[in-house]
Amino acid sequence: MHSPGGSPLDGTSSSATTPSKRKPAGAAGSHSRQHSDHQPSGPDQKRTKLNTHSDLGVPRMSKVLGKRPELVDLAKPPTAFQPQKGAKRLVIKNLRTTPRTNDVEKYYIAIKQELLDGLQAIFEQKQPRQPLERLYRGVEDLCRHGDERELFKMLQERCESYLKNDLHRSIVAEAGPSNVDVLRSTHKYWVIWNSQSTTIRSVFSYLDRSFLLKSKDLPQINDMAIVLFRRTVFVPSQSGFNTGAKSLAGMCDLVDYDRRGDTRFDPALLRDTISMLNVLAIYGKSFEPRFLEASRVYFEEFAEEQSATSLKNYISSCEKLLAREDYRCNAYNFDSTTKRQLLDDAHTILIERYSEKLLDSGSITKLLDEKAVESMKALYELLRLSGIQKRLKQPWEEYIKDAGSEIVKDTSRGDEMVIRLLEFRRALDIMIRDAFNRDDEFTRSMRQAFGSFINDRKILSVWKNGASKVGEMIAKYIDMLLRGGLKTLPKSLLSDVKDRVDAEQSGQASTADEDAELDRQLDQALELFRFIEGKDVFEAFYKQDLARRLLLGRSASADAERSMLAKLKNECGSNFTHNLEQMFKDQQITRDEMASYKSWCEGNGYTTSKPDFNVSILSAAAWPTYPDTELLLPGEVAAQIERFESYYINKHTGRRLRWKHSLAQCILTARFDKGPKELFVSAFQAVVLILFNQIEDKPHGFLTYQQIAENTGLNGPDLNRTLQSLACGKARVLTKHPKGRDVNPTDTFTVNKGFADPKYRVKINQIQLKETKEENEETHERVVQDRHFECQAAIVRIMKSRKTMTHANLVAEVINQTKSRGAIEPAEIKKNIEKLIEKDYLEREGGAYTYLA
């Protein structure tokens with residue numbers, strides 16, 4: 001092979017001095033392969049080629065193998081030893097005989113110049129005059145010649161000179177007045193330099209791989225390009241124009257444009273420059289501190305501005321800001337440490353420094369009153385980010401106590417108390433579920449607050465019956481629910497889609513089922529029942545309402561009745577529900593007894609006659625106490641009663657029947673001008689209406705108040721209520737003269753022959769389902785008396801076991817044993833102790849009490 005710039009030389013030589021083994025151009029002779037100590041080894045051997053052309057035109061195989069013999073003896077093995085022939089003569093043609101040192105040096109100088117020219121063309125963004133492959137081969141030759149370090153220094157100096165004198169000046173020249181313009185110019189020439197350094201790396205890749213990769217003191221070309229650009233652009237220079245500082249400020253300005261919604265924001269530029277800083281390895285050292293400091297200033301301004309608005313607006317603004325900051329960090333390739341530090345600063349400034357505003361009781365109360373679930377959820381999440389969400393419990397609990405107290409103290413809407421409490425509880429449950437992520441801490445806090453205001457005697461003192469009122473109203477609510485079903489409830493109390501999903505996931509019946517929804521509503525009422533201390537009041541009113549439902553057949557669902565009884569038994573024990581269970585047993589006994597009575601009548605020749613007659617036999621100890629009312633019954637009914645009483649007394653020796661006519665009911669058939677009707681009435685109403693049959697033939701017949709009283713045996717409130725329900729209610733089958741809402745002893749009554757109703761059977765006995773004021777007071781009085789008896793019984797039990805106790809210890813123990821039934825004031829306990837001393841159960845000795853056997 002020849003040296004570039006030289007010509008083939010003739011002569012003989014035993015070695016070659018060319019820098020490579022490439023084949024010389026224009027060689028005409030044939031060369032044999034020759035072993036030499038100076039011959040290149042390794043990869044260069046692959047580049048050695050044999051010249052297969054012949055000068056004389058002899059065929060190639062003959063030239064290489066020699067003339068073959070005409071006859072070949074295949075029986076003899078071939079051998080290379082031929083003693084009759086001597087050694088072959090080796091002839092080398094066209095061998096150089098003069099030294100080539102000058103030509104080689106000229107070659108290296110030319111290569112270096114070509115590389116410099118190529119670099120200049122790359123810097124000018126032009127195509128080099130020499131092909132890149134030739135430049136690459138030149139780099140390889142220089143490296144093989146041992147000029148690697150000199151070649152690297154040349155490349156480094158040329159690149160540094162270009163960056164300082166050309167590229168940096170171009171950045172400054174194209175930069176506009178703003179920091180963003182400087183940033184845009186910097187990024188533009190970074191892209192250019194990136195492309196140029198890529199081309200340079202491809203030309204000098206042999207230097208990179210063979211020398212720089214193994215060098216400990218010199219960087220690789222890519223690292224050199226990054227370092228030179230960083231040093232040129234981002235290190236302050238003496239020229240006075242700090243390109244790096246303005247570029248970093250421009251990046252902060254871009255973020256600020258985005259925060260303030262400025263149209264000058266360029267998302268692509270921000271994303272690309274973040275990547276540029278990461279490549280230049282100045283993101284964490286130069287940009288991040290500057291960016292975080294600018295962000296802190298912005299957060300402080302933002303918080304100061306927004307804190308002047310309402311809490312709802314402040315929460316919404318903070319939530320949106322944090323969401324935008326998080327999105328920006330993810331979308332524009334900010335480092336994860338930057339994002340974490342940025343959000344930590346935002347939490348500290350926006351949340352912790354303004355925690356007093358976020359936890360202001362008045363503002364939180366307003367959000368809860370508005371049922372602003374989304375705002376409360378955002379508030380909870382904001383506080384959770386700083387780990388102070390538990391501090392929300394105090395204003396949450398204060399709100400529940402205040403709002404619940406207002407509901408309980410509202411005497412004008414006492415009948416709606418439980419529904420309002422349940423709606424309030426429902427709103428709080430939704431808040432915990434949707435806003436507080438089902439946080440158990442807030443659930444416990446809510447229960448504590450409910451227990452506090454429901455049993456607060458100062459709050460309940462506005463009611464005549466004090467602490468007993470809530471238990472009474474819960475019993476009446478459950479009565480309404482079991483009588484009317486779900487149709488009596490407001491829609492706000494019914495389950496929503498999330499409740500149904502939760503029920504199905506927990507393995508319960510879907511609340512879309514009516515029975516399952518009714519059962520859920522009973523559970524909600526039972527939640528309030530758990531809070532009350534005066535459970536004896538609830539028991540008294542629940543028993544009274546249950547009796548009416550059973551006797552008048554007004555239960556909406558027998559299954560719901562049994563389910564509620566099971567819930568109460570599970571909650572309070574079998575002692576609490578013993579009498580209630582007996583009431584259900586009495587109903588079954590009654591059905592069996594009436595079947596036996598009818599068989600007895602048929603066996604004794606008593607034919608079935610009108611009116612149909614049914615009796616409910618009740619155990620006096622299990623059922624509520626009802627007053628005995630004298631009533632003049634029609635003859636047919638009186639005969640039926642006497643017959644049944646005779647049968648029952650003969651069958652059950654020693655038993656006594658007491659007839660409670662106030663609970664009786666019947667169905668009357670009445671004829672009006674617009675057609676007949678069946679009237680579902682109470683026994684009192686039936687007796688009054690039957691009297692008007694006596695004056696049916698009189699055209700202008702009427703009955704006075706006094707006549708009705710004499711012929712029915714009713715008087716006073718019972719008669720007034722009965723007449724009022726017949727003449728002044730919705731279904732006015734009687735006409736009162738003169739007209740009015742109240743019944744007076746001077747009034748007269750006639751049949752309303754023009755009575756009309758779309759239904760054939762008309763219910764007029766609603767009066768039986770309503771509790772009178774007197775009945776309510778009597779129930780409370782019985783509860784108070786029972787409490788006294790229970791208190792005295794508890795004192796006797798305690799003293800019998802302890803024998804001697806101080807007054808304070810005895811009072812504390814009595815309260816502890818009776819609190820499940822109803823709280824008793826210490827003053828009442830002291831009165832009961834005095835009564836027991838008078839009855840010689842106890843005696844006072846010094847500062848203690850002693851039990852007397």
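Visitor: In which sense do β1 and β2 pair, and over how many bridges?

Guide: To read a pair of strands, one looks at the direction of each and then at the bridges. β1 and β2 pair in the antiparallel sense, over 8 bridges. Please bear in mind throughout that this is a predicted model. One place to look is Arg671, which stands opposite Pro676 in β2. The two strands form a hairpin, with 2 residues between β1 and β2.

Visitor: Where is the place of Val733, and why does Val733 count as buried?

Guide: Val733 lies in the loop between α29 (716-727) and β4 (734-737). Val733 counts as buried because its relative accessibility is 2%, and the cut-off for buried is under 20%. A list of contacts then shows what surrounds the residue. Leaving aside residues up to four places away in sequence, Val733 touches Phe672, Leu679, Leu689, Leu726, Thr750, Val751, Asn752, Phe755 and Ile764. Phe672 also illustrates how sequence and space can be read together: Val733 and Phe672 are 61 residues apart along the chain, and their C-alpha atoms are separated by 9.2 Å.

Visitor: How many bridges join β4 and β5?

Guide: β4 and β5 pair over 4 bridges in the antiparallel sense. Lys736 has Phe749 in β5 as its bridge partner.

Visitor: What is the order of the open sheet in which the pairing is antiparallel, and which strands stand at its edges?

Guide: This open sheet has 3 strands in the order β7-β9-β8. β7 (804-806) and β8 (842-845) each have a single partner strand, so one side of each is left without a neighbour in the sheet; these two stand at the edges. Neighbouring strands are turned against each other by 30 degrees on average, with direction ignored. β8 and strand β9, residues 848-851, run antiparallel and are joined by 4 bridges. In this pair, Arg844 has Tyr849 in β9 as its bridge partner. Helix α32 packs on the sheet, touching β8 and β9, and its direction makes about 105 degrees with that of β8.

Visitor: Asn832 has its place in helix α32. Is Asn832 buried or exposed?

Guide: Asn832 is in helix α32, residues 826-838. Asn832 counts as buried because its relative accessibility is 0%. For such a residue, one next asks what its side chain reaches. The side chain of Asn832 reaches the backbone oxygen of Glu828 at 2.9 Å. Apart from residues up to four places away in sequence, Asn832 touches His788, Cys791, Gln792 and Ile795.

Visitor: At what angle do the axes of helix α3 and helix α6 cross?

Guide: A helix pair is read from the distance of the axes, their angle and the residues that meet. The axes of α3 (residues 132-144) and α6 (residues 205-212) come within 8 Å and cross at roughly 25 degrees. That makes α3 roughly parallel to α6, because angles under 35 degrees count as roughly parallel. Tyr136, Val139, Glu140, Cys143 and Arg144 in α3 meet Ser205, Tyr206, Leu207, Arg209 and Ser210 in α6. By class, this contact of α3 with α6 has 5 nonpolar, 2 polar and 3 charged residues.

Visitor: How many helices and strands are there in the protein?

Guide: There are 32 helices and 9 strands in the protein. Of its 853 residues, 42% count as buried. Among contacts between residues at least 6 apart in sequence, 70% join residues at least 24 apart.

Definitions and conventions
Residues are numbered from 1 along each chain as its sequence is written. This is a predicted model: local features need pLDDT of at least 70, side-chain atom pairs count only at pLDDT 80 or more; totals for chains, interfaces and linings use all residues. Side-chain values use heavy atoms; hydrogens and water are left out. Buried means under 20% relative accessible area, exposed over 50%, partly exposed in between (1.4 Å probe, protein chains only). A polar contact is a pair of N or O atoms within 3.5 Å; within protein, one must be able to donate a hydrogen and the other to accept it, and residues adjacent in sequence count only if both atoms are side-chain atoms. Contact means heavy atoms within 4.5 Å. Two strands pair if DSSP finds at least two bridges between them. Axes are lines fitted to C-alpha atoms, for helices over the stretch in contact, and angles run from 0 to 180 degrees between N-to-C directions. Angles under 35 degrees count as roughly parallel, over 145 as roughly antiparallel, 65 to 115 as roughly perpendicular and the rest as oblique. Ala, Val, Leu, Ile, Met, Phe, Trp, Tyr, Cys and Pro count as nonpolar, Asp, Glu, Lys and Arg as charged, and the others, Gly among them, as polar.
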